[in-house]
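Hi everyone, thanks for coming.

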Amino acid sequence: MKIVLIGFMGSGKTSVSHVLAKKLSIQCIEIDEFILKASGRTSTNEIFDIDGEEKFRELEIETAKKLRNIQNVIISTGGGIVMNKINLNYLNHGGNIVFLNASFEIIRKRLSGDNSRPLFRDLKKAKKLFNFRLPLYKEYSNMKIGTDNLTIDQVVAKLVNKLKQI
Ligand code: S3P
């Protein structure tokens, strides 16, 4: 079993991956943590500000490649994983790609006051990015879960139900 969670920043990927991993008794992996370790920086903001987004994307692709054969895992991706299709080719090896679909309005509320995301500093740019990526999340996923107004536990329950139907 392999489940890959994709979706925009603030869609709940990390929280869902932790709860789901506990429920299914399998490990979960956060791509951003691998990137951070490989970068030698202390935060994602630092990678973007010092090395640039391009470097971040390179490390993201390297990480996805490293993880291509891993099984029995839940992989939580960064919102920009869909910017390079090759990431999905690597991650899709025998896995389910699940899109956690939250509206921009909900995401904006969730992330207000959170300064950890370099691409959410400017609301207008973030909204543009959201609109650009939405069709990509839809295209690259084989399972979609609307998460607006749902708790993390409710999202996990929905996901588990869908997995049972496969
Ligand atoms: C990014 C999303 C972040 C992180 C980085 C870039 C993006 O992850 O990978 O800041 O391009 O959307 P989250 O989706 O976990 O916030």
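**A walk around the model**

Let's begin at Asn45, which you'll find in helix 3. Before I go on, one thing to keep in mind: this is a predicted model.

So, is Asn45 buried or exposed? Its relative accessible area is 16%, and buried means under 20%, so Asn45 counts as buried. Now look across to Lys55. Along the sequence, Asn45 and Lys55 are 10 residues apart, and their C-alpha atoms are 12 Å apart in space.

Asp51 has a relative accessibility of 30%, so we call it partly exposed. The cut-offs behind that: exposed needs over 50%, buried needs under 20%, and partly exposed is what sits in between. If you go from Asp51 to Leu159, you cover 108 residues in sequence, and C-alpha to C-alpha the two are 36 Å apart.

Okay, on to the ligand. Where does the ligand sit? In the largest pocket. Around the ligand there are 14 residues, and the ones that come nearest are Lys13, Arg57, Gly79, Arg117 and Arg133. Sort that shell by class and you get five charged residues, five nonpolar ones and four polar ones.

Let's zoom in on some atoms. In the side chain of Arg133, an N or O atom is 2.6 Å from an oxygen atom of the ligand. Asp32 has a polar side-chain atom 2.8 Å from a ligand oxygen. With Gly80 the backbone takes part: one of its polar backbone atoms is 3.3 Å from an oxygen atom of the ligand. And how much of the ligand gets covered? On its own the ligand would expose 380 Å², and the protein buries 96% of that.

Next stop, Ser39, which has its place in helix 2, residues 31-39. Ser39 counts as buried because its relative accessibility is 18%. A polar atom of the Ser39 side chain lies 3.0 Å from the backbone nitrogen of Arg41.

Now for some backbone angles. Most residues other than glycine have a negative phi. With that in mind, take Ser25: its phi is positive, about 55 degrees, although Ser25 is not a glycine. Where is Ser25? In the loop between helix 1 (13-24) and strand 2 (27-30). Ser25 has a relative accessible area of 64%, so it is exposed.

Asn149 is another one to find on your screen. Its phi is positive as well, about 65 degrees, and Asn149 isn't a glycine either. Asn149 lies in the loop that runs between strand 5 (143-146) and helix 8 (152-164). With a relative accessible area of 70%, Asn149 is exposed.

Last one: Gly95, in the loop between helix 5 (85-91) and strand 4 (96-101). Is Gly95 buried or exposed? Its relative accessibility is 15%, so Gly95 counts as buried. Gly95 and Glu53 are 42 residues apart along the chain, with 27 Å between their C-alpha atoms.

How values were computed:
Residues are numbered from 1 along each chain as its sequence is written. This is a predicted model: local features need pLDDT of at least 70, side-chain atom pairs count only at pLDDT 80 or more; totals for chains, interfaces and linings use all residues. Side-chain values use heavy atoms; hydrogens and water are left out. A residue is near a molecule or strand if one of its heavy atoms lies within 4 Å of it. A polar contact is a pair of N or O atoms within 3.5 Å; within protein, one must be able to donate a hydrogen and the other to accept it, and residues adjacent in sequence count only if both atoms are side-chain atoms. Accessible areas come from the Shrake-Rupley method with a 1.4 Å probe; for residues, only the protein chains shown count as cover. On a 1 Å grid over the protein atoms alone, a cavity is a set of points where a 1.4 Å probe fits but cannot get out, and a pocket is an open set with protein on both sides within 12 Å along at least five of seven lines; lining residues have an atom within 4 Å of a point. A molecule sits in a cavity or pocket if more than half of its atoms lie within 2 Å of its grid points. Ala, Val, Leu, Ile, Met, Phe, Trp, Tyr, Cys and Pro count as nonpolar, Asp, Glu, Lys and Arg as charged, and the others, Gly among them, as polar. Helices (H or I, at least four residues) and strands (E, at least two) are DSSP runs, numbered from the N terminus. Buried means under 20% relative accessible area, exposed over 50%, partly exposed in between (1.4 Å probe, protein chains only).
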